[in-house]
Amino acid sequence: MKKRVSLKLPELTLSVLVISSALMLGFSSGGFIINVKTLGFSCFSTMQRGVSAVAGGVSSFFTSVRDIAKLREEYNALTEKLKDYEYLRRSNAEIRKENERLREQLGLSQSVSYRNITAQIIGRDADNIYSGITIDKGVMSGIRKNMPVIAIQSGSVGIVGKVVTVGLATSIIMPVYDKSCNISARIQNTRDQGLVSGNGSIDTPLSLNYIRKRVLEEIHFGDIVVTSGENGNYMRDIPIGTISKITVLDYDSSLEIEMEPIIDFSRLEMVFVVDQTAPNKAVEDSLEGQ
């Protein structure tokens, strides 16, 4: 059974007086006023910091968006500049290569003892039966039938072939790899003489015939074969090709020799048609100057 708690009137009166006294003492000393002010300041400061943080975040967001847009513009501008730079770099490289080729051609043109006509290749016959090369010079430039044709590639001079057909402004060259092309030649080191013949295709090695077996120990892979200059068809000692294969045949007194042409016909662009009946004025002038 629960006990009832009851306050008598004197006790209740005493309690009320104590609490009232405490409240009056607190208000009279200003303690409650100070606490209220402190509490209000704390609440306001917290709200102010929150508002400031939100405003700062929004400002930072828009600033970041603006910065990203600016960076994107700068990136696009730099990308375009890089493209321009790459284009200029490639163009300069091509110009340098073209200048090198022109210097090589000029050097060859001035060093050949005979008059020569520079010509551009403008057509090729891919037919295996007739492998003609068409150039942009003809009778009007002084070209005649059977003139020898040479070229220079990477500093190396080599035989291209000879002129077989001449028009007013164009001519056709029979290259060394044509089956109808035969050139009197010598192995440069040993001076053994033979005959170079084509086999009808730019991808097929040339043949060097009539080299005796007795010189087998004296010739090597990579030896250069040059024109002999006999019969007046080609100038003397112009490289034709290099020995790439040597086969000994039991039934033949001669070696079977294959050659790779000095000239890479797949990259050939410019040629020199040589007029062996006329001297090169540039060479004559340089000799007179000495």
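Met140 counts as exposed because its relative accessibility is 67%; exposed means over 50% relative accessible area, buried under 20%, and partly exposed in between, with a 1.4 Å probe and protein chains only. Met140 sits in the loop between E2 and strand E3 (148-153). Together with Val139 and Leu168, Met140 makes a nonpolar surface patch of about 360 Å². Patch residues have over 30% relative accessible area and no salt bridge, and nonpolar side chains are joined within 5 Å.

The model is predicted: local features need pLDDT of at least 70 and side-chain atom pairs 80 or more, while totals for chains, interfaces and linings use all residues. Residues are numbered from 1 along each chain, and side-chain values use heavy atoms, without hydrogens or water.

Strands pair through backbone hydrogen bonds, either parallel or antiparallel. Here six strands close into an antiparallel barrel in the order E1-E2-E5-E4-E3-E12. From one strand to the next, the twist averages 45 degrees. Strands are DSSP runs of at least two residues, numbered from the N terminus, and two of them pair if DSSP finds at least two bridges between them. Strand E2 (residues 133-135) is joined to strand E5 (residues 171-175) by three bridges. Ile135 stands opposite Ser171 in E5.

There is one aromatic pair. The rings of Tyr177 and Phe265 are edge-to-face, because their centres are 5.0 Å apart and their planes at 85 degrees; rings pair with centres within 6.5 Å, and planes under 30 degrees apart are stacked, over 60 edge-to-face and the rest tilted. Tyr177 lies in the loop between E5 and strand E6 (182-187) and Phe265 in the loop between strand E11 (254-261) and strand E12 (270-279), so the pair ties together parts 88 residues apart in sequence. Tyr177 is buried at 9% relative accessible area, and Phe265 is buried at 3%.

Note on methods: Helices (H or I, at least four residues) and strands (E, at least two) are DSSP runs, numbered from the N terminus. Axes are lines fitted to C-alpha atoms, for helices over the stretch in contact, and angles run from 0 to 180 degrees between N-to-C directions. Patches are made of residues with over 30% relative accessible area and no salt bridge: like charges are joined within 9 Å, nonpolar side chains (Val, Leu, Ile, Met, Phe, Trp, Tyr) within 5 Å. Accessible areas come from the Shrake-Rupley method with a 1.4 Å probe; for residues, only the protein chains shown count as cover. A salt bridge is a side-chain nitrogen of Lys or Arg within 4 Å of a carboxyl oxygen of Asp or Glu. Rings of Phe, Tyr and Trp (its six-membered ring) pair if their centres lie within 6.5 Å; planes under 30 degrees apart count as stacked, over 60 as edge-to-face and the rest as tilted.
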